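Start with the rule for counting them, then follow individual pairs.

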Amino acid sequence: MSRVIFHKLQRLDEVLNKVLPLINVMPIETVDISNALSRVLAEDIHAPISLPPFDRSSVDGYAVRSSDIAMADEHRPVRLKVKGKISVGMRPYASVDKGEAIEVDTGSAIPPGADSVIMEEFTSKRNNELTCYRNTSAGENIFHAGTDVMIGDLVLTKGTRIGIKEITLLASLGINRIKVYKRPKVAIISTGKELITPGCNYEEFKVYDSNSYMIYAFLRELGCSVDLLGIIPDDYDRLKSLINNAVSSHDFVITSGGTSAGEEDIVYRVLSDIGEIIVHGLMARPGKPTVVALVKKKIIIGLPGHPVSAFMILNVLVRPIILKALGCTIYKTSSIKAKLSRKIPLRKGYLNVIPVALIRDNGSYIAYPTFKGSGLISSIIPSDGYIEVSGNREYISAGAEVEVKLFNNQLVLPDLTFIGSHCLVTDRLLNEMKREGFIIRSIYVGSLEGLKAVIRGEADISGIHLLDERTYEYNIPFIKMYGAEDSVVLIKGFKRIQGLVIRKGNPNSIKGLEDLILRPDVRFVNRNKGSGTRILLDIKLREICKKLNLDFNDVTRRLNGYLWEVFTHTAVASAIKHGKADVGMAIKYVATLMNLDFIPIATEEYDYVVPKRKLKRRPVQKFIKLLKTLKDRISLPGVQFHEDTGEVIEI
Ligand code: AMP
Ligand code: MG
């Protein structure tokens with residue numbers, strides 16, 4: 001076999017055009033319908049009988065000839081002679097002749113001669129004499145044979161995924177065994193010497209292997225039979241022999257990690273030595289380091305190690321390949337048209353695969369991008385699907401109509417969407433709502449993005465703490481700055497103490513913010529731009545710069561760790577806990593929770609903002625109610641409630 005190595009990145013459609021023709025549909029097996037759920041049908045099913053199989057009564061009553069009782073009403077009832085009874089499952093042993101009736105139950109066969117059934121309620125019976133107080137029309141209360149399905153109808157086609165409805169139909173037709181495609185057998189291997197198996201004790205600087213389980217669940221949902229072969233540290237020989245073994249006993253092998261061009265990235269090297277590389281490098285973002293190879297006529301897919309990249313490539317590349325092998329005729333997942341909430345920068349020339357959360361808005365949908373980075377699973381946890389954008393554009397604009405491809409076919413939309421600043425008090429409230437049965441989605445993007453999401457009407461609630469440098473007032477100046485005084489209301493929150501989080505005992509002898517500026521030995525961890533904490537930090541740093549007559553830009557350029565941004569208070573605290581940084585800015589609550597020391601810097605106002613038109617929604621009202629009672633229920637370090645916490649404030 002000739003070896004083709006592509007040094008050039010390839011487009012997803014080019015890759016699929018090369019790979020799909022190499023995929024054979026799986027062989028066929030016969031299964032019982034009780035084991036057929038989610039299997040793919042390998043035969044056309046024609047109805048062997050009609051449904052209903054015979055004319056049958058839909059009520060309890062009497063089979064009659066409608067012409068006999070055409071003139072019947074309350075005042076002039078018509079009398080008929082009852083000839084007998086046909087109960088369910090019984091062959092009609094007599095016919096209904098003129099002036100006659102035969103008693104029937106729901107589901108009884110209709111005897112010849114009768115053309116309708118009069119309900120028992122409209123009759124009375126003495127001995128064998130039936131009095132009818134109503135007429136019937138021909139066909140009344142009869143299910144005619146073949147109304148559901150006519151014998152010989154093509155009811156299910158080859159390639160259909162068997163669901164609950166299909167199983168019901170098959171059973172109704174008396175079919176208990178069907179031909180389905182065998183499940184493709186897939187082997188999963190994770191590579192990376194930093195990986196440890198979930199369930200083991202955490203070891204510092206190691207990473208739990210999430211990809212194996214993500215890929216496993218993804219393939220099981222599609223209908224594959226999957227074997228987890230475990231973790232291979234970046235070891236060429238072991239990976240080579242494992243893949244060689246796996247291809248002889250599996251239809252596909254999927255690896256993750258080790259696909260880049262680095263020294264330890266062995267997947268490409270192994271695959272190019274034992275097989276034929278079809279692709280190394282996909283013009284997709286995320287997901288560029290993807291490898292597809294053919295080894296002993298089996299397709300091996302090497303996914304990138306970053307979980308978000310791996311997940312996106314599972315959706316855009318692995319799904320169509322597996323569905324072809326499964327014999328599915330429908331390769332697509334459901335999609336929903338939506339309007340993009342905000343502008344997103346694109347990687348020019350690449351297929352940009354962007355996870356989004358769907359928000360229902362006045363009968364249409366808004367797609368809210370959740371991507372934060374390929375290594376951060378919070379990019380995908382709150383998302384419902386993804387959009388694909390390619391072409392030579394630098395960005396896609398806010399408001400653009402996009403097609404959201406759903407990760408699976410069950411879209412469960414939240415009752416309440418929170419977009420805003422991360423706060424442990426908010427977390428608590430949202431968890432209380434979950435316990436009350438609400439479906440909650442929280443997307444932590446910082447105060448500024450949260451406020452914008454409320455102003456655009458996407459979030460039901462945001463939590464913000466935005467300090468205005470000029471007036472030294474919190475939150476309201478920002479609402480005014482965006483001209484949203486009339487469209488949103490403020491729900492009074494609480495005060496939070498912000499400050500520097502440091503390790504227990506203050507080993508670096510940090511006294512205050514000046515140390516960040518003056519001491520290069522102190523390693524800092526920053527918060528993301530647009531977060532309230534970041535805005536506060538920058539204001540405080542500017543004040544110190546002014547006092548010391550230093551240039552802010554100069555100072556931040558030199559500040560050790562200023563460019564390292566994390567998204568939550570918890571992330572700041574854990575960076576310090578684990579010695580990755582010496583100091584960071586966060587709320588006192590989180591420092592106390594994680595047993596760290598704390599130097600207070602400012603007391604800030606954390607408030608909630610709600611679009612006026614969503615204020616009356618039940619989940620929003622519930623949130624406000626829980627917030628109002630919170631101060632009587634708990635006390636949290638560094639959190640001070642107001643007299644009017646939970647009050648709605650018009651601006
Ligand atoms: P790699 O593609 O091997 O360079 O890995 C890229 C990043 O993904 C690294 O931070 C890895 O630690 C991480 N990673 C690789 N494999 C896994 C895995 N199975 N589960 C979770 N993270 C992983
Ligand atoms: Mg690796």
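A salt bridge is a side-chain nitrogen of Lys or Arg within 4 Å of a carboxyl oxygen of Asp or Glu. The whole structure holds 40 salt bridges. This is a predicted model, in which local features need pLDDT of at least 70, side-chain atom pairs count only at pLDDT 80 or more, and totals for chains, interfaces and linings use all residues. Residues are numbered from 1 along each chain as its sequence is written, and side-chain values use heavy atoms, with hydrogens and water left out.

Begin with Arg76. Its partner is Asp73, and the closest N and O atoms are 3.3 Å apart. Arg76 is exposed at 54% relative accessibility, whereas Asp73 is partly exposed at 25%. (Buried means under 20% relative accessible area, exposed over 50%, partly exposed in between; 1.4 Å probe, protein chains only.)

Now turn to Arg613. It forms a salt bridge with Asp361, with 3.2 Å between the closest N and O atoms. This pair links distant parts of the chain, 252 residues apart: Arg613 lies in the loop between β36 (597–611) and α15 (618–633), Asp361 in strand β24 (residues 351–361). Helices (H or I, at least four residues) and strands (E, at least two) are DSSP runs, numbered from the N terminus. Asp361 is buried, with a relative accessible area of 15%.

Lys612 pairs with Glu650, the closest N and O atoms being 3.1 Å apart. Lys612 sits in the loop between β36 and α15, and Glu650 in the segment after β38 (648–649), 38 residues apart. Lys612 is partly exposed at 31%; Glu650 is exposed at 55%.

Notes: Chains lettered and ligands numbered in written order.
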